[in-house]
Amino acid sequence: MALILAGTTGTAFSAQIELVKPEHLIVDKSLTQTQLAANEYVAREYATFWNTGEESLARNALVINFIDKTPPEGRKQGPEGAILASRAFRTAVPDLRCDVEQMIISGNRAVSHLHFHGTFTGTFGKLKGKGQKIDFIATDIYEISDGKIVANWHIEDNLTLMKQLGAL
């Protein structure tokens, strides 16, 4: 199986991964079925990247000149910024999972209310995990064009996260 996957493109590989489904999906009924399906697909694809860490999903979902409108200090722009952030956080929380509690799709936007959870057993900066549970929420607003995410505004419950990591 590994040899088969190694020869496939990111698009073909991501098609084999079951995308996360939002617990609640709220949609703008004025959208065409084609636009709704494209916007929902790319939002779910990107959420699945956060759920699995599968980098091809981020590369497929985000345009090459993707703009993070609310980046933490030092984060690179483009898909690489999100990919590096995922890698770093998965070093701290290897069993990280991301559920989509609700998703709202309207016009050229998708809003995802995300629930992250896992176990801090790795390292995060200078912090070393001791098996503490991680459980926090985030909200992302995606701007979508031609079936790709071109920009993202996001906010995470960093206070809860930092307490759970033992930073506060």
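Mentor: In what follows, two residues are in contact when heavy atoms lie within 4.5 Å of each other. The structure is a predicted model.

Trainee: Which residues does N51 touch, not counting residues up to four places away in sequence?

Mentor: N51 belongs to helix α3. Its relative accessible area is 9%, and under 20% counts as buried, so N51 is buried. Once residues up to four places away in sequence are set aside, those that N51 touches are V20, R90, L96, R97 and C98.

Trainee: Over how many bridges do strands β4 and β7 pair?

Mentor: Strand β4 covers residues 109-120 and strand β7 covers residues 132-145. Across this pairing, H113 stands opposite T139, and H117 stands opposite D135. The sense is antiparallel, and the number of bridges is twelve.

Trainee: Which residue takes a positive phi in the hairpin of β7 and β8?

Mentor: Strands β7 and β8 pair in the antiparallel sense over eight bridges. Within this pairing, E143 stands opposite A151 of β8. The hairpin has two residues between the strands, and the residue with a positive phi, near 50°, is D146.

Trainee: Why is the pair of W50 and F116 edge-to-face?

Mentor: A pair of aromatic rings is described by the distance of the centres and the angle of the planes. The ring centres of W50 and F116 are 6.5 Å apart. Planes over 60 degrees apart count as edge-to-face. The pair meets this condition because its planes stand at 85°.

Trainee: How many residues apart are W50 and F116, and is each of them buried or exposed?

Mentor: W50 sits in helix α3 and F116 in strand β4, so this link joins distant parts of the chain, 66 residues apart. The relative accessible area of W50 is 13%, and that of F116 is 7%. Residues under 20% count as buried, so both W50 and F116 are buried.

Trainee: Is the pair of F116 and F136 stacked or edge-to-face?

Mentor: F116 lies in strand β4 and F136 in strand β7, so the pair ties together parts that are 20 residues apart in sequence. F116 and F136 are both buried. Their ring centres are 5.2 Å apart and their planes are at 10°, which is under 30 degrees, so the pair is stacked.

Trainee: Which residues do ring pairs link into a cluster?

Mentor: The count of aromatic pairs comes to eight. The cluster takes in W50, F116 and F136, among others. Its residues are Y46, F49, W50, F89, F116, F124, F136 and Y142.

Trainee: Which element supplies the largest share of the lining of the largest pocket?

Mentor: The largest pocket holds about 650 Å³ of space. It is lined by 29 residues, and the closest to its centre are W50, P72, R75, A85 and E156. At least two lining residues come from each of α3, β2, α5, β4, β7, β8 and α6. The largest share, six residues, comes from α5.

Trainee: With which residues is G81 in contact, leaving aside its neighbours within four places in sequence?

Mentor: G81 is placed in helix α5. At 3% relative accessibility, G81 falls under the 20% limit and therefore counts as buried. From C-alpha to C-alpha, G81 and A167 are 23 Å apart in space, and they are 86 residues apart in sequence. Leaving aside neighbours within four places, the contacts of G81 are R75 and K76.

Key:
Residues are numbered from 1 along each chain as its sequence is written. This is a predicted model: local features need pLDDT of at least 70, side-chain atom pairs count only at pLDDT 80 or more; totals for chains, interfaces and linings use all residues. Side-chain values use heavy atoms; hydrogens and water are left out. Two strands pair if DSSP finds at least two bridges between them. Helices (H or I, at least four residues) and strands (E, at least two) are DSSP runs, numbered from the N terminus. Rings of Phe, Tyr and Trp (its six-membered ring) pair if their centres lie within 6.5 Å; planes under 30 degrees apart count as stacked, over 60 as edge-to-face and the rest as tilted. Buried means under 20% relative accessible area, exposed over 50%, partly exposed in between (1.4 Å probe, protein chains only). On a 1 Å grid over the protein atoms alone, a cavity is a set of points where a 1.4 Å probe fits but cannot get out, and a pocket is an open set with protein on both sides within 12 Å along at least five of seven lines; lining residues have an atom within 4 Å of a point. Grid points are joined across faces, edges and corners, and a volume is the space filled by probe spheres set on the points.
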